[in-house]
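Q: Hey, can you walk me through this one? I'd like to talk about charged pairs and then strands.

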Amino acid sequence: MRKLYILCLILSVTFSFAQKTNLKKADALFRNFSYLDASKAYEECLQNIKDPSAQTLKNAADSYYFISDSRNALKWYRKLYEVQGNNLTDIYYLRYIQSMKAVMDYDEADKITKEYLDKKGDKAEINRYVAQKKYMDSIAKAKPLYTIKNLDINTSKSDFGATFFKDNIVFTSARDTTKFSEKLYTWNNQPFLNLYVAERNPADGSLFNETVFIPNVMTKYHEATASFDSEGKTMYYSTNIVKKNKLVVDEAKVNNFQIIKGSIVNNKLENPQKVFFDSNDYSVGHPALSEDGQFLFFASDMPGGQGETDLYMVKIASRWYNELASESRSKY
């Protein structure tokens, strides 16, 4: 009997040690922004943890959220909500609600949104939400003005950020066609993003003959979300902050991204330069020029914003057509 007790005790201790080791591994992957691998590790760990901590639930949910797996993210956000109730912080209320909307559970999302707004007690925001929902419900019943279809050039990896470039379309993709294909982005284990250009059939909007856009822009890291002036001579795009072919990181060991501006000459980018509001300490990216070329809109998590990431705009000084005036920056 004593031997059996000792054996059970040893097995219990061994199992507990293995659980802690696996959880530490998952946490390490999460801290390293390896969210795809972290999601798998947390999934395995949580099968054997009866009462996981709120932080573990947050990490598991966030791992799926950051790789756009809304259904699995919702599973763990829901468990987090069961643990914390209306004590959820603003950001986790938001992610919980966004995940519900992503799987089209709009009724539950509406219920939790009202709970959140009631908790904050902001009557003006409550009234705005009620009016907005009423408007959204009304247009949902209207006849669609557009037909949405999946294009033949799309791949199983990320394809997004389409923009007009003369008669063609430039877009961002993680498709595995570059010479850097053996190096994967650990966030989602996909190749790094690059810019591609495709011809466009004006009759049906289909795209074809896609190829790498401006080869001398390509690096072994991310290049994405380009925008062009009306003549297709000036280009703005997002890229990682790199120095001597190595990623530059801030105090939190995060590599931020920046906006680069340059001129397109004979299918090459010439005179590439940073814009004045680039910083090693926060990200700016996803540039979009206004149709008249007078304003540049962009996203950033710079200090002083209203949330994690906000939209900003700068006015492009008319006397230097492609120079940005630093005193003109404002929140959009």
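Predicted model: local features only at pLDDT ≥ 70, side-chain atom pairs only at ≥ 80, totals over all residues.

Q: How many salt bridges does a search of the whole structure find?
A: The search turns up 10 salt bridges. One of them is between E43 and K75, whose closest N and O atoms are 2.7 Å apart.

Q: Which parts does that pair tie together?
A: E43 sits in helix α2 (residues 35–46) and K75 in helix α4 (residues 70–84), so the bridge links parts 32 residues apart in sequence.

Q: And is K75 buried, exposed or partly exposed?
A: K75 has 29% relative accessibility, so it counts as partly exposed.

Q: What about R95 and E308, what's their N to O distance?
A: It's 3.1 Å, and their side chains form a salt bridge. R95 is in helix α5 (residues 90–102) while E308 is in the loop between β14 (295–300) and β15 (310–315), so this pair ties together parts 213 residues apart in sequence. D62 joins in too: salt bridges with shared partners put D62, R95 and E308 in one network.

Q: Is R95 buried or exposed?
A: R95 counts as buried because its relative accessibility is 6%.

Q: OK, strands now. How many residues of β2 are buried?
A: In strand β2 (residues 168–173), 5 of the 6 residues are buried.

Q: Which strands does β2 pair with?
A: β2 runs antiparallel to β1 (residues 159–165), with 5 bridges, and also antiparallel to β5 (residues 194–200), with 6 bridges.

Conventions
Residues numbered from 1 in each chain as written. Heavy atoms only, no water. Salt bridge = Lys/Arg side-chain N within 4 Å of Asp/Glu carboxyl O. Helix = DSSP H or I, 4+ residues; strand = E, 2+ residues; numbered from the N terminus. Buried < 20%, exposed > 50% of the residue type's maximum accessible area, 1.4 Å probe, protein only. Pairing = 2+ DSSP bridges.
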